[in-house]
Amino acid sequence: MPHMNTLELRGGAGRIPVLGMGTWHMGEDRGEHAAELAALRAGIDMGYRLIDTAEMYAEGGAEQLVGEAVAQAVRSGSVEREDLFIVSKAYPHNAGRQGLPAACACSLERLGLDYLDLYLLHWRGEHPLKETVDGMRALVAAGRIRRWGVSNLDVDDMEELVAACGGEAQLDCAVNQVYFSVSERGPEFSLLPWQQARAMPLMAYSPVDQGAVMHDAGLAKIAAGLGVSAAQLALAWVLSRQGTVAIPKAVRQAHLKQNLEAAQLVLSPQVLEEIDRLHPPPGRKRPLAMI
Ligand code: NAP
């Protein structure tokens, strides 16, 4: 089993695996249940430890599926709960002082867990960030979540979040999860450096552009020269940036295996230059892309 690299989190908040399994669109179709459950189980057996889900996905259906997979894996002895890193997210409308504990309790119930390893604000909504911060900190204090973070926040929102936390020294947001891939390099302009400066990992969602990288002929050509697929190269590229975590979603077990292998790839400076020519780094600030 390949060794899973990890990144250190701010403020002694432990470590996060650099690769995880996404679950968006899982749990939506009963006909896919067996295949999706088998994929998550197989992923854990292969060595995946981080699973990313959200109350939004299949309106709780994805959390239920993750709960089932985790329960089976723990029961079978293939992993211990403490070795997993389970991430879920609250809808913005649930991210107020009262809504957050209720939403978290529902997520935990669906997941069949006592605690989440990481709980994120899915995107910014109507509740002031200060309320979300207070709610998150209360959940940490109550032992319902180990740490918290945000998703889809750009630098200006992150600056507001710092203020909501009470200043840089009190900044206890563990991660920011955003769309980041070889074709969506916008965060490299200012958000990624901002997070790197604070040792706050950037969790890259849709890191293989929802499968679209497989139609990128230029990338496929470079990948062929390395004996890997375009998706593997795209994933290795995301992980080549300092301080990134990637959470590709894959139901096909061959994809899960390939993604695990891709996380071990080290890209040469020449390959990185070729990718820069194909997908240049951003030359100016662009609004944060969202999927
Ligand atoms: P993605 O991971 O970029 O792409 C998933 C698609 O790529 C699936 O169709 C999958 O196929 C295919 N794929 C995966 N590995 C592959 C490989 N090695 N070769 C070829 N195809 C491959 O897209 P995503 O699901 O949008 O993003 C990943 C996760 O990020 C989500 O599942 C979710 O957990 C999270 N997310 C968060 C937000 C947010 O707002 N915070 C937004 C979007 C996503 P199969 O399934 O058929 O194997």
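**The ligand and its surroundings**

Of the 28 residues around the ligand, the nearest are Asp52, Ser206, Gln210, His255 and Asn259 (near: a heavy atom within 4 Å of the molecule). Please keep in mind that this is a predicted model, where local features need pLDDT of at least 70 and side-chain atom pairs pLDDT 80 or more, while totals for chains, interfaces and linings use all residues. Residues are numbered from 1 along each chain as its sequence is written, and side-chain values use heavy atoms, leaving out hydrogens and water.

**Polar contacts** (pairs of N or O atoms within 3.5 Å)
- An N or O atom in the side chain of asparagine 259 is 2.8 Å from a nitrogen atom of the ligand.
- Glutamine 258 places a polar side-chain atom 3.4 Å from a nitrogen atom of the ligand.
- For histidine 122, a polar side-chain atom lies 3.4 Å from an oxygen atom of the ligand.
- On its own, the ligand has 900 Å² of accessible area, and the protein covers 92% of this (Shrake-Rupley method, 1.4 Å probe).

**Helix H9 and asparagine 259**
- H9 supplies three residues, the largest share of the shell around the ligand (helices are DSSP runs of H or I, at least four residues, numbered from the N terminus).
- Asparagine 259 belongs to this helix, which covers residues 253-262.
- With a relative accessible area of 7%, asparagine 259 is buried (under 20%; exposed is over 50%, partly exposed in between, with a 1.4 Å probe and protein chains only).
- Leaving aside residues up to four places away in sequence, asparagine 259 touches Leu19, Tyr48, Leu235, Pro248 and Ala250 (contact: heavy atoms within 4.5 Å).

**Glutamine 64**
- Glutamine 64 sits in helix H2, residues 61-76.
- Its relative accessibility is 49%, so glutamine 64 counts as partly exposed.

Terms used:
Helix = DSSP H or I, 4+ residues; strand = E, 2+ residues; numbered from the N terminus. Polar contact = N/O pair within 3.5 Å; in protein donor to acceptor, adjacent residues only side chain to side chain.
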